[in-house]
Amino acid sequence: MNNNKLALVVSYYLARFDKKALESLGFKAFNEAFNYTSSKLDVKANYVKLRRDEFDAVFPWRRGWQRKLDKQVTRTIEVFQHLEMEDISPIIKGILFDSDYLQSENAQEIRKVLSTEIKDVDQKSKVFILRGPTGLKAEKYFIEYHKVHQKPVSGNLIDMRDQGCGYDFEIDLLDTKTFVEVKGLADIEGGIAFTNKEWLFAKQARGTYFLVLIRNLDENPEVIFIQDPTDVLTPTQYTYPTIQIQWNVPSKQFNDLKR
């Protein structure tokens, strides 16, 4: 059985979580992880390493390869980007340490989902939700910009990026709260993507929500403020097949509790 797609998931995990991934899996070095994955999945160790390196354009740990992402790499990101480390770790440990996992329904589902191609999506303009180098750079630029210019509104800037609340920053002034979502473009032109949570929150917050678009980041950054983006932008909704983790309890267990 071809295990390349499962090896790709392991490479994604190592790239995204870096040293925390090694610690979680009990490896002391990346070469150890590459070699173990190679022996477990019957793939070349260099395949695992090179696939890990291809994710460097998205994650901030290494400079690595800075080139257009391979379709299989982008598909893996689409599928797993919404999961946290605590969600993905059991999958990776199953792949690497459970001899029965490779034949399991879960492994088959992963192979199936990663083999599904997204139609009618322009891969060249694809923007991923994960905060890669461009997103991080834009957010850092905005923090310094607000210190100097106090725009789009003045007040105390609060970092909300790790709260998962549908926006990056909150600006507090007396009893007024303003919500800011920052998007960055390396060039002067390009599209952006909202998560479903971001877009729904923008619809709810309306005039108190600002999209801050910082484009041409690599040369001469230009800052654009869009208040209530749901009123002036008409994005296209895409629904992607993804991996979801559920814990199912059969009815028999409830029946047993009644006895």
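Helix H2 (residues 30–41) and helix H5 (residues 85–97) cross at roughly 60°, with their axes coming within 9 Å. The model is a predicted one. On the H2 side, the contact is made by Tyr 36, Thr 37, Lys 40 and Leu 41. H5 contributes Ile 95, Leu 96 and Phe 97. Sorted by class, the residues of this contact are five nonpolar, one polar and one charged.

In helix H6 (residues 105–115), the buried residues are Ala 107, Ile 110, Arg 111, Val 113 and Leu 114. Viewed down the axis of H6, these buried residues fall within an arc of 165°, so they line one face of the helix. An α-helix has 3.6 residues a turn, so residues three or four places apart point the same way. Glu 105 and Lys 112, on the other side of H6, are exposed. The cover over the buried residues of H6 includes helix H1 (4–25), helix H4 (71–80) and H5.

These helices belong to a chain whose secondary structure comes to ten helices and five strands. The chain has 259 residues, of which 43% are buried. Among its contacts with a separation of 6 or more, 60% are between residues 24 or more positions apart.

Definitions and conventions
Residues are numbered from 1 along each chain as its sequence is written. This is a predicted model: local features need pLDDT of at least 70, side-chain atom pairs count only at pLDDT 80 or more; totals for chains, interfaces and linings use all residues. Side-chain values use heavy atoms; hydrogens and water are left out. Helices (H or I, at least four residues) and strands (E, at least two) are DSSP runs, numbered from the N terminus. Buried means under 20% relative accessible area, exposed over 50%, partly exposed in between (1.4 Å probe, protein chains only). Contact means heavy atoms within 4.5 Å. Axes are lines fitted to C-alpha atoms, for helices over the stretch in contact, and angles run from 0 to 180 degrees between N-to-C directions. Ala, Val, Leu, Ile, Met, Phe, Trp, Tyr, Cys and Pro count as nonpolar, Asp, Glu, Lys and Arg as charged, and the others, Gly among them, as polar. The arc is that of the directions from the helix axis to the C-beta atoms.
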